[in-house]
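Colleague: Please show me the model, and then let me ask how its labels were reached.

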Amino acid sequence: MNINRGRVRWQCRRALLELDLVFARFLERDFDRLTDGQLADLEDLLRCEDHELWAMVNGSSPCEVDRWKEMIGLLSQR
């Protein structure tokens, strides 16, 4: 598996300010330590629409996809 980290980092830029702030913190704190599997899960998660993703991150909507739960947990950390 060969995932372009630069492309995934760019996809973390979001139109929703709240998500943009969450991802800025995540990129600084956790991104460089992600395994290839985690990076693949993140890339898949980033295909979600911003409001759906924000609802999972802030806990107002449950994450239905098991393999995304670890990434949602990392994004939800303060």
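Modeller: Start with burial: buried means under 20% relative accessible area, exposed means over 50%, and partly exposed lies in between (1.4 Å probe, protein chains only). This is a predicted model, in which local features need pLDDT of at least 70, side-chain atom pairs count only at pLDDT 80 or more, and totals for chains, interfaces and linings use all residues. Residues are numbered from 1 along each chain as its sequence is written, and side-chain values use heavy atoms, with hydrogens and water left out.

Colleague: Why does Asp44 count as buried?

Modeller: Asp44 has 18% relative accessibility. The limit is under 20%, so the label is buried.

Colleague: What makes Asp44 and Arg67 a salt bridge?

Modeller: A salt bridge is a side-chain nitrogen of Lys or Arg within 4 Å of a carboxyl oxygen of Asp or Glu. The closest N and O atoms of Asp44 and Arg67 are 2.5 Å apart, so the pair meets that definition. The two residues link distant parts of the chain, 23 residues apart: Asp44 is in helix α3 (residues 36-45), and Arg67 is in the loop between α4 (50-58) and α5 (69-76). Helices (H or I, at least four residues) and strands (E, at least two) are DSSP runs, numbered from the N terminus.

Colleague: Which residues are linked in a network of salt bridges?

Modeller: Arg29, Asp30 and Arg33 are. Arg29 pairs with Asp30 at 2.8 Å between the closest N and O atoms, and Asp30 meets Arg33 at 2.6 Å, N to O. The structure holds 8 salt bridges.

Colleague: How do you know whether Asp30 and Arg33 are buried or exposed?

Modeller: Asp30 has a relative accessible area of 6% and is therefore buried. Arg33, at 60%, is exposed.

Colleague: Why are α4 and α5 called roughly perpendicular?

Modeller: They pack at an angle of about 75°, with their axes 8 Å apart. Axes are lines fitted to C-alpha atoms, for helices over the stretch in contact, and angles run from 0 to 180 degrees between N-to-C directions. Angles under 35 degrees count as roughly parallel, over 145 as roughly antiparallel, 65 to 115 as roughly perpendicular and the rest as oblique. The helices α4 and α5 are therefore roughly perpendicular to each other.
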